[in-house]
Amino acid sequence: MTNILLINGSSRENGNTEQLADVMLKGISCTRMNLRDFFIRPIVDQRHVPGGFTAVADDYDQLIETVRQHDVLIFATPIYWYGMSGHMKQFVDRWSQSLRDTRFSFKAEMEKKKAFVLICGGDDPYVKGLPLIQQFQYIFQFVGLEYIGYLIGKGNAPGDVLRDELAIRQAKYWNQFFQSL
């Protein structure tokens with residue numbers, strides 16, 4: 001059975017991003033990780049420092065251990081200023097640390113996983129959200145994650161996305177896809 005992890009980068013509980021994820025994952029067993037509930041320190045760039053790795057006292061290790069236990073990673077984030085949320089960016093930035101962590105082989109493990117992106121925004125997200133989808137694709141390519149698709153929803157005020165008929169139809173399509181894994 002496939003282990004699915006929803007990595008939610010929204011700072012708002014039950015916002016459009018979560019609501020669209022709920023539609024997409026209805027009836028599907030998955031783990032949900034709300035990044036807003038964890039303390040993640042900013043990355044300290046040590047790429048050119050001998051050893052290049054220093055443990056950091058925060059919740060990141062706990063989060064990355066959860067990631068390591070799952071086969072499919074769903075990255076869900078609202079579109080903030082035409083990019084991913086700060087919570088999501090902070091989390092992904094710390095992957096630089098995981099790439100140098102000698103306790104495991106981050107890239108080798110990521111190459112065995114699949115990745116999906118779910119984003120919501122209010123300012124023409126079907127067009128203006130595409131660069132964010134592309135950014136995730138480049139990130140996945142760099143670490144070897146297999147990219148399987150994306151879902152974009154339109155919503156600004158809480159509940160708006162549930163009136164986005166295209167997003168809801170696509171969420172139901174992806175629900176069938178994830179059920180078939």
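User: How many nonpolar, polar and charged residues are in the lining of the largest pocket?

Analyst: This is a predicted model, in which local features need pLDDT of at least 70, side-chain atom pairs count only at pLDDT 80 or more, and totals for chains, interfaces and linings use all residues. Residues are numbered from 1 along each chain as its sequence is written, and side-chain values use heavy atoms, with hydrogens and water left out. The lining of the largest pocket has seven nonpolar, eight polar and three charged residues. Ala, Val, Leu, Ile, Met, Phe, Trp, Tyr, Cys and Pro count as nonpolar, Asp, Glu, Lys and Arg as charged, and the others, Gly among them, as polar.

User: Which residues are the closest to the centre of the largest pocket?

Analyst: The largest pocket holds about 280 Å³ of space. Of its 18 lining residues, Ile79, Tyr80, Cys120, Gly121 and Gly122 are the closest to the centre. A pocket is an open set of points on a 1 Å grid over the protein atoms alone where a 1.4 Å probe fits, with protein on both sides within 12 Å along at least five of seven lines; lining residues have an atom within 4 Å of a point. Grid points are joined across faces, edges and corners, and the volume is the space filled by probe spheres set on them.

User: Is cysteine 120 buried or exposed?

Analyst: Cysteine 120 counts as buried (under 20% relative accessible area, with exposed over 50% and partly exposed in between; 1.4 Å probe, protein chains only), because its relative accessibility is 4%.
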